[in-house]
Amino acid sequence: DQFRALFGACRVPKIGERDTVEVDPESSHVVVLQNNQMYFFQALNMSDGSVCLNEQDIYEILTAIKTDATQLPPDITSRNSLGVLTTLPRKEWAAARNLLVATSQHNETALDVVDGALFVLVIDDVSPKDIHEAAANMLHGTYDLRSRDDLIDYQAGSCCNRWYDKLQLIVCSDGRAGINFEHSAIDGHTALRFVSDIFADDVVSFAQSITKTIYSDNDGMFPSIIQAEVKRSAASVIPKKLNFEFPQKILDKIYYAETALSDQIVASETYVLEFTEYGKTFIVRNKMSPDSFVQLSMQLAHYRLYGKIVSQYEPVLTKGFYHGRTEAMRTATEKAATFCKTWLNPSASNDDKLTALREATVYHSATCKDAMLGKGIERHLFALKCIADKNGIPTPDFFSSKAYLKLQHTILSTSNCGNPSLRLFGFGPVVQDGFGIGYIIRDGGLQYSISSKHRQTKRFAHTLKQTLIDMGKLLQPFDSLKVECSVVVKPDLAKDTAEYLEAFCDTYGESPLPNVASISLEEPTVSPSRKHSRGFARVIRRQSSMSMRNLASFGDDITPRGEGNRKLLVEED
């Protein structure tokens, strides 16, 4: 159950060993990042998990935080932007974190507050000028290098205003919002469920505010999406500021981490393609899998631009299995290569191109279904290699072969994740010369967020758009359909559409589980110490949780501007 690692979870770097994902099941507070400064406030009652503040309380808390955070200019706060250390290589971040903890007990407690938070609310003082900048800001923040009067440069962008070890809810000054999540313990569809519930509850709440004046029912004929009981606490819900004691070595490390991060951002480019000519409905009507169609369009676009068939990766959900995550699907099949070569063959007819497209999509869909049912091989081989490396066992020459290494060098890393609650979904490339492509298949369009380093991202997007237009010309358009007067028997939709319902298109994680009863699996041997464990192999429960009293006594109080010594108190209803 990946939802156990969604809230109150933190990826913690370790010296001399792998990172662990620690989960605090009793987490009850939220950390806020604004202008490179950290704050926190109590959100849940620790006694029963109910919400301890209402929307007005949250508004006042965030207003107070904004007032305090903007008192310092960015040239000052950027020097102490601790979150930028989470962008370092993990061993470097582990060493810096250990030094920070060794400096004082106060620092250790402050890090416990961050690690044990439900999530991090990031408030960015930026307004992206277009969708491309918005996507880049959600991925890695903005780059805004400025100079002081003494000609000393400082980073004023939002790239330092992050904490990548935890789930981040990012909100820009113009109201645009996004999610940036730590991928090691959860997959995209888990974070998507969180986003979907937020979006749907907002829509339903607005509908309730209208219909409750008409209908006597409390919910106004629309049941709430999120059943959260609000019990406003009699205790103080004052937001607190987290301050750290930085030795000079940590301040130097923050500066060097920022310059290294800035290099990465300058070298990166994110471009959004919002294709509106057609979408899922049009592709399905032409009896093809939408996901397979989109996968082949990306391979063809690359082939048209560079004349090469390259390694292309797509994750396929294996949630039908206990602790199942994903299997790797490789789009660059023999059928896909034939399709690309046929497409650029000047002597090939449209019928030849369409036949090659259909054969490639059918093969891609069948292979995806095999992967969904546990018949893939790549995760299995990777696990064997990891076990061998961990135990000092020599690996077969296969793992160092030219073919295997070329397969693992994924030029096109792709993933399909989304629903109407999202406008975009994306991520960075996994190799220096690759593309990271997140896409969403809509009924009437296709959304792509494309990222790369030192590549022609915009040109690739334009080639992909033209490829989609050209592929669409081969298919039967809507206006060519005719209405016949004969009696039409309603088709069995379950049978007709089964071909197009694939694991990776399960946006909510709620579709029926695949039938794996026919697969013979032996009961694994489980040690007594882990027999009743429901966590992940590297997800552990935090050894301690901070009590509400400890949280209330830690951190510095802040007061809203113009309110004197007035504190944000909530009276018991």
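Guide: What follows goes through the sheet, the helices and loops beside it, and then some other parts of the chain. The model is predicted, with local features requiring pLDDT of at least 70 and side-chain atom pairs counting only at pLDDT 80 or more, while totals for chains, interfaces and linings use all residues. Residues are numbered from 1 along each chain as its sequence is written, and side-chain values rest on heavy atoms, with hydrogens and water left out.

The sheet is open and has seven strands in the order E9-E8-E5-E3-E4-E10-E18, with mixed pairing. Strands (E, at least two residues) and helices (H or I, at least four) are DSSP runs numbered from the N terminus, and two strands count as paired if DSSP finds at least two bridges between them. At the edges are E9 (177-180) and E18 (556-557), each pairing on one side only. In general, strands of a sheet pair through backbone hydrogen bonds, in a parallel or an antiparallel sense.

Both senses occur around E8. With E5 (residues 120-123), E8 (residues 168-171) runs parallel, and four bridges join the two; here Ile-123 stands opposite Val-171 of E8. With E9, the pairing of E8 is antiparallel, again over four bridges, and Ile-170 stands opposite Gly-178 of E9. The hairpin of E8 and E9 has five residues between the strands, and Gly-175 takes a positive phi near 95° there.

Helix H5 (residues 131-140) packs on this part of the sheet, touching E8 and E9, and its direction makes about 35° with that of E9. Contact means heavy atoms within 4.5 Å; axes are lines fitted to C-alpha atoms, for helices over the stretch in contact, and angles run from 0 to 180 degrees between N-to-C directions.

H1 (residues 55-69) has 15 residues and spans 21 Å from its first C-alpha to its last, close to the expected 21 Å, where the expectation is 1.5 Å times one less than the number of residues. Asn-54 caps the N-terminal end of H1, with a side-chain oxygen 3.2 Å from the backbone nitrogen of Gln-56. Such a polar contact is a pair of N or O atoms within 3.5 Å; within protein, one must be able to donate a hydrogen and the other to accept it, and residues adjacent in sequence count only if both atoms are side-chain atoms. Buried residues of H1 include Asp-57, Ile-61, Ala-64 and Ile-65, where buried means under 20% relative accessible area, exposed over 50% and partly exposed in between (1.4 Å probe, protein chains only). The buried residues of H1 pack against E3 (29-34), E4 (37-42) and E10 (240-242).

The loop between E3 and E4 holds Asn-35. Asn-35 has a positive phi of about 50° although it is not a glycine; in general, most residues other than glycine have a negative phi. Asn-35 counts as buried because its relative accessibility is 12%.

Another loop position is Thr-86, between helix H2 (74-77) and helix H3 (90-103). Thr-86 counts as buried because its relative accessibility is 5%. A polar atom of the Thr-86 side chain lies 2.6 Å from the backbone oxygen of Gly-83, and one lies 3.2 Å from the backbone nitrogen of Tyr-164. Not counting residues up to four places away in sequence, Thr-86 touches Trp-93, Arg-162, Trp-163, Tyr-164 and Asp-165.

Elsewhere in the chain, the largest nonpolar core has 40 residues, of which Phe-293, Phe-339 and Tyr-448 touch the most other members. A nonpolar core is a set of buried Ala, Val, Leu, Ile, Met, Phe, Trp, Tyr and Cys residues joined through side-chain atoms within 4.5 Å. Elements giving two or more residues to this core include strand E11 (268-275), helix H9 (290-306) and strand E16 (446-453). H9 supplies the largest share, eight residues. Apart from this core lies another, of 35 residues, among them Val-84, Ala-110, Val-120 and Met-138.
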